[in-house]
Amino acid sequence: MPEKKECFGQIQIADEVVAVIAATAAMEIEGVLNASSASGNALVEFFGKKSQTKGVKVDSDGGELTLEVDIVVLFGTKIQLAATQVQKKVKTAVETMTGLPVAMVNVNVCGIVKEKQPKGQKVEIEED
């Protein structure tokens, strides 16, 4: 006899929540300093509801998530390695916390910072 599942109602997770999870996971990778806006004009201050989701785009088409994450890396960081680690970390974090399948995580390296700056100082981003 098949097991009957209890149904309490529907659960919806906002794309903004997924974006916060992705941005937080990306920041845990060594050499990834901060998510940036798509234009790469300035580093995002990582506090506050609006800024936490900058640099992360979520597409929930077809039941699977596709994420696009913009990052800035520290000069001297192996970019390919850092980007691959961001992909794995973001995919794992989003799937673990939400239970939603992640089809792909695209990483855009938007800038590189020459050195870490003391807190409170602005950091300039090198762009192509």
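**Pocket, core and fold of the predicted model**

The second largest pocket has a volume of about 160 Å³. This value, like those below, comes from a predicted model. Ten names make up the lining: I11, Q12, I13, D15, V18, S60, G63, E64, L65 and L100. By class, five of the lining residues are nonpolar, three are polar and two are charged. Rolling a probe the size of a water molecule over the atoms shows where empty space is left.

The protein contains three helices and four strands. Along the sequence, these elements follow the order α-β-α-β-β-α-β. Of the 128 residues in the protein, 35% are buried. Among contacts with a separation of 6 or more, 67% join residues 24 or more positions apart.

The largest nonpolar core holds 25 residues. Within this core, L67, V86, V90 and V94 touch the most other members. At least two core residues come from each of α1 (15-27), β2 (56-59), β3 (65-74), α3 (79-98) and β4 (102-113). Helix α1 gives the most, with seven residues.

V86 illustrates the packing. Leaving aside residues up to four places away in sequence, V86 touches A26, I29, V32, V69, I71 and V107. L33 belongs to strand β1, which spans residues 32-35. L33 has a relative accessibility of 22%, so L33 counts as partly exposed.

Cysteines were examined last. A disulfide is a covalent bond between the sulfur atoms of two cysteines. The count of disulfides in the model is zero. C7 and C110 were also assigned by accessibility. C7 counts as exposed because its relative accessibility is 71%, over the 50% cut-off. C110 has a relative accessibility of 18% and therefore counts as buried, since buried means under 20%.

Technical notes:
Residues numbered from 1 in each chain as written. Predicted model: local features only at pLDDT ≥ 70, side-chain atom pairs only at ≥ 80, totals over all residues. Heavy atoms only, no water. Core = buried A, V, L, I, M, F, W, Y, C linked by side-chain atoms within 4.5 Å. Buried < 20%, exposed > 50% of the residue type's maximum accessible area, 1.4 Å probe, protein only. Contact = heavy atoms within 4.5 Å. 1 Å grid on protein atoms, 1.4 Å probe; cavity = no way out; pocket = protein on both sides within 12 Å on 5 of 7 lines; lining within 4 Å. Points joined across faces, edges and corners; volume = space filled by probe spheres on them. Nonpolar A, V, L, I, M, F, W, Y, C, P; charged D, E, K, R; others polar. Disulfide = S-S within 2.5 Å.
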